[in-house]
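Me: I have a structure open here and want to go through its packing. Can you take my questions as they come?

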Amino acid sequence: MKNRLWLATGTVGLGLILGACAGESGGGDSSSESGDATQISFMHWRGEDKAVLDEIIADFEEANPDIRVEQNIYPSDQYQATAQRMLQEGSTGDVFTSFPGAQFESIQSAGFFEDLSGEEFVSNFDESLIAVGQKDGTQYALPYQLVFNMPVYNKGMFDELGLEVPKSWTEFQEMADTLLENDITPIAFPGADIGPNQFMNSMMMNNAPDEDIFEKLQNGDESLTNEWWVKTLEDFKLLADKGYIQDDALGTNQDSAMAMVANEEAAMLATGSYHMNSLLDLNPDLELDLLAPITVEESEATYEGINTATFMLAVNSNSDKKDQAKAFIDYLSQPEVASKYANETGQHLTVNDVEYESEALQNTSYWIDERNTRFQPRFLITNAQIEDAVLSSIENVLGGEDPMAAAEAAQQIVEENRE
């Protein structure tokens, strides 16, 4: 990518489309040992990946008969809230995944990451994409997925209506007005779960092009009451006031928002590339691409979209099965295994030499090298309370609060929680 690729993300998946829960297994029994095989726990949040991971785990176990792998899958919101406690207990998560940003910082501070710096499999990953899993020069986690946290749009619908991707805030509103005139909701916004934390990134990327903006917010050199954030909240208000997002957006979850796009009731899904495969499962006739709102005039735009690397693979420092855990990560990082995972889940990956066969991945791969994207701003907020305050200000505006009042309330929380 043209700008620095800190890549980290993402992303959340359709957390509970499969009703994923702890203890779902990709092989083996529930005991810590099965015969002469050692059983390890692979703890993550992507329930929608269980089937393909079951297949990958079966192949791994065939190649490594002395190791069994059990998947322990939790909803993404529960995972963010409780993963650290489970790692401390040591009962699950010999291999585990971490979100970048606040969760990574918290787990690293607690000492639960095993140092992976000297492992040979680190070289299987694109060096430019794994910095987000580093701290003070040490590689603690390896982001597996490369995603784009910006709206997925119905390209076929745009073509039918003669719409082009807008290059400015004025053009974006003209595009949205045309969709409304054709009885199509411009944006399906899952405000009940992941919508605010995903859509905020592209909504603010050109309002605050300084990539250090949230670091400055946390150290007191910036404020949410300044123009960059107040304008972002005003832009969210405009979306709601003009009907560019659906009624009761704060009561809509990601599954319902996806259904709106799959049924062609809405033109865009305000989540990210990680949902493209699921949308195609719901409606194989969709032609999809990515589109980030440009909230400034074209001449003022710096960025075209958002990138993120997430699903960061790590080994629990409390595990007594570290060698087996590392062997599993090594296996996941092999190009042929990663290619299987990528094509069956619809994810771009950070692993070298992955071959993308799916049409959706091929059609969007140009975002990797040809577009100027920036690392997801939300994951540069390392304080969880400050992150909550930022997201709550969006929800409050969509709930009817004045943007400046919402910004002032959030800033008060920021000042109370600065480190």
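**Aromatic pairs and helix packing**

Reply: Start with the rings: searching the whole structure, which is a predicted model, gives 20 aromatic pairs.

Me: What is the geometry of the pair Tyr153 and Phe158?

Reply: Tyr153 and Phe158 are tilted, at 4.7 Å centre to centre and with 55° between the planes.

Me: Is Tyr153 buried or exposed?

Reply: Tyr153 is buried, at a relative accessible area of 4%. That is under the 20% cut-off for buried. Phe158 is buried as well, with a relative accessible area of 1%.

Me: And what kind of pair do Phe189 and Phe236 form?

Reply: Phe189 and Phe236 pair edge-to-face, with centres 6.4 Å apart and 65° between the planes. Phe189 sits in the loop between β9 (185-188) and α6 (195-204), while Phe236 belongs to helix α8, so this pair ties together parts 47 residues apart in sequence. Both Phe189 and Phe236 are buried.

Me: Which residues do ring pairs link into a cluster?

Reply: The cluster consists of Phe42, Trp45, Phe60, Tyr79, Phe99, Phe311, Phe328 and Tyr331.

Me: Helices now. At what angle do α1 and α11 pack?

Reply: The angle between α1 (residues 50-63) and α11 (residues 322-332) is about 120°, and their axes are 11 Å apart. The crossing of α1 past α11 is right-handed.

Me: Which residues make the contact?

Reply: From α1 there are Ile56, Ile57, Asp59 and Phe60; from α11 there are Ala327, Phe328, Tyr331 and Leu332. By class, the contact has 7 nonpolar residues, no polar ones and 1 charged.

Me: How do α5 and α8 pack?

Reply: Helix α5 (residues 169-181) and helix α8 (residues 227-241) make an angle of about 15°, with 12 Å between their axes. That angle makes α5 roughly parallel to α8. The crossing is right-handed.

Me: Which residues meet there?

Reply: Trp169, Phe172 and Gln173 of α5 meet Asp235, Leu238 and Leu239 of α8. The contact of α5 with α8 has 4 nonpolar residues, 1 polar and 1 charged.

Me: Back to α6. How many of its residues are buried?

Reply: The count is 10 of 10, and α6 is mostly covered. Among the buried residues of α6 are Pro196, Phe199, Met200, Met203 and Met204.

Me: Loops next. Where is Ala301?

Reply: Ala301 is in the loop between β11 (288-290) and β12 (305-315). Its relative accessibility is 30%, so Ala301 counts as partly exposed.

Me: What does Ala301 contact, leaving aside neighbours within four places in sequence?

Reply: On that basis, Ala301 is in contact with Asn206, Ile294 and Val296. Separately, Ala301 and Lys167 are 8.4 Å apart in space, C-alpha to C-alpha, and 134 residues apart in sequence.

Me: Last topic, backbone. What is phi of Asp248?

Reply: Phi of Asp248 is near 55°, a positive value in a residue other than glycine. Most residues other than glycine have a negative phi. Asp248 lies in the loop between α8 and α9 (254-262), and Asp248 is exposed, with a relative accessible area of 59%.

Me: And what about Glu264?

Reply: Glu264 has a positive phi too, near 60°. Glu264 is in the loop between α9 and β10 (266-269). At 40% relative accessibility, Glu264 counts as partly exposed.

How values were computed
Residues are numbered from 1 along each chain as its sequence is written. This is a predicted model: local features need pLDDT of at least 70, side-chain atom pairs count only at pLDDT 80 or more; totals for chains, interfaces and linings use all residues. Side-chain values use heavy atoms; hydrogens and water are left out. Axes are lines fitted to C-alpha atoms, for helices over the stretch in contact, and angles run from 0 to 180 degrees between N-to-C directions. Helices (H or I, at least four residues) and strands (E, at least two) are DSSP runs, numbered from the N terminus. Angles under 35 degrees count as roughly parallel, over 145 as roughly antiparallel, 65 to 115 as roughly perpendicular and the rest as oblique. A crossing is left-handed if the near helix is turned anticlockwise from the far one by less than a right angle, and right-handed if clockwise. Contact means heavy atoms within 4.5 Å. Ala, Val, Leu, Ile, Met, Phe, Trp, Tyr, Cys and Pro count as nonpolar, Asp, Glu, Lys and Arg as charged, and the others, Gly among them, as polar. Rings of Phe, Tyr and Trp (its six-membered ring) pair if their centres lie within 6.5 Å; planes under 30 degrees apart count as stacked, over 60 as edge-to-face and the rest as tilted. Buried means under 20% relative accessible area, exposed over 50%, partly exposed in between (1.4 Å probe, protein chains only).
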